[in-house]
Amino acid sequence: MTDRRSLHLFARPEGLPKDEDFEMRHEAPAPLADGQLRIAVRWLSIDPAMRVWMSEQKSYWPPVGLGEVMRSAGIGEVVESRHPRYPVGTWVSGMTGAREELVCDGKGFRAFDARALPHPAWALSVFGATGLTAYFGLKEIGQVKPGETVVVSAAAGAVGSTVVQMARNYGCRVVAIAGGPDKCAWVKDELGAHEVIDYKHEKVAKRLAETCPDGIDVYFDNVGGEILDAVLRRLKLRARIVLCGGISQYNATGVPVGPANYLSLISARARMEGFVVIDYLDRAGEAIAEFGPWAAAGKLTSRIDEVAGLDHFAEALRRLYTGQNFGKQVVKV
Ligand SMILES: NC(=O)c1ccc[n+]([C@@H]2O[C@H](COP(=O)([O-])OP(=O)(O)OC[C@H]3O[C@@H](n4cnc5c(N)ncnc54)[C@H](OP(=O)(O)O)[C@@H]3O)[C@@H](O)[C@H]2O)c1
């Protein structure tokens, strides 16, 4: 059998992650013990939070240690099995790490039917952490109601594009913020956002005033920084800000830019609340029972943006921070 490759964290990045921050290693495949399975990893989820995991920063998970396999969610096929619940041919999803192959006891993995999906990587997007983030962020933290005005940033990204569609399906008025005319056109024409703001070519504060004349009920924040500040100025009474992510700050080498306009929260009696999707994973069934039918009816879609090859992992990761990805960024292993 040929060696399997795995990608290890070699150095903590300064600014954007570089190829040299990772090291590829080769290992001979290990034999299976009773109760173990061998997973051939097919696709890896590329997530903005990876930049945080690569640093020494405190977050909801400990930093990836230098020399460790890079943390990553992934999907793959069972290619050899001594485990009764995972016969050969089963597709599984879980924290595979950035590697070609994994031998494990199956704990923490979930079997799924890849043939039932338009693309197997939908198990990482709509039917994975991406979909659950959008759903629980909107429902639990955002408490969205029909007729409300929902603003979402990074709206052509994985989570953002899902939020746009879910909010629209809940009967909200959706104002989407994305970078560039192609992304804005997709979000409006294909995903059904009512208004779009191209933050790279338009003044966000001015466009928010035009598109949200009565204010904003819910802001689903994926980016932080200046866009968050602009939104803070236009809150409606009892508005909710869903702090999902702050990608504009993840590569900052100095102190991250915080919101200057936070006092608006007082006069608007508004709430700004962070959340992490891992706290909701045990409720995935309940969430999918609600939004699964939307996907089946064509009212919830996902665009998969593939980069081929484990060697291109760092490049795929950089695409998130430079806005090159369109929809859910994955690496096809
Ligand atoms: N809280 C949680 O549990 C949880 C779970 C998953 C993800 N998240 C967060 O959700 C956010 C979106 O994640 P994702 O996986 O869906 O990634 P994504 O949106 O698919 O990709 C990131 C996008 O962010 C935009 N972006 C990059 N730099 C930016 C900047 N300086 N200002 C404004 N926009 C910028 C880019 O779009 P443009 O081309 O439009 O700029 C890029 O395509 C991230 O902040 C992530 O950390 C949180």
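1. Glu 226 sits in helix H6, which spans residues 225-232; helices here are DSSP runs of H or I with at least four residues, strands are DSSP runs of E with at least two, and both are numbered from the N terminus. Glu 226 is exposed, at a relative accessible area of 70%, where exposed means over 50%, buried under 20% and partly exposed in between, with a 1.4 Å probe and protein chains only. The C-alpha atom of Glu 226 is separated by 8.9 Å from that of Val 204, and the two residues are 22 apart along the chain.

2. On conventions, this is a predicted model, in which local features need pLDDT of at least 70 and side-chain atom pairs count only at pLDDT 80 or more, while totals for chains, interfaces and linings use all residues. Residues are numbered from 1 along each chain as its sequence is written, and side-chain values use heavy atoms, with hydrogens and water left out.

3. An open sheet is formed by six strands with parallel pairing, in the order S10-S9-S8-S11-S12-S13; two strands pair if DSSP finds at least two bridges between them. Strands S10 (195-198) and S13 (271-274) stand at the edges with a single partner strand each, so one side of each has no neighbour in the sheet. Neighbouring strands are turned against each other by 15° on average, direction ignored, with axes taken as lines fitted to C-alpha atoms (for helices over the stretch in contact) and angles running from 0 to 180 degrees between N-to-C directions.

4. Within this sheet, strand S11 (residues 216-221) and strand S12 (residues 235-243) pair in the parallel sense over five bridges, and Phe 220 has Val 242 in S12 as its bridge partner. Helix H4 (residues 181-190) lies across strands S9 (173-178) and S10, running at about 170° to S10; contact means heavy atoms within 4.5 Å.

5. The count of salt bridges comes to 25, a salt bridge being a side-chain nitrogen of Lys or Arg within 4 Å of a carboxyl oxygen of Asp or Glu. One of them joins Glu 77 to Arg 42, with the closest N and O atoms 2.8 Å apart; Glu 77 lies in strand S4 (residues 74-81) and Arg 42 in strand S3 (residues 37-45), 35 residues apart.

6. Lys 139 and Glu 290 also meet in a salt bridge, at 3.0 Å from N to O. Because Lys 139 lies in helix H2 (residues 129-141) and Glu 290 in helix H8 (residues 284-296), the pair ties together parts 151 residues apart in sequence.
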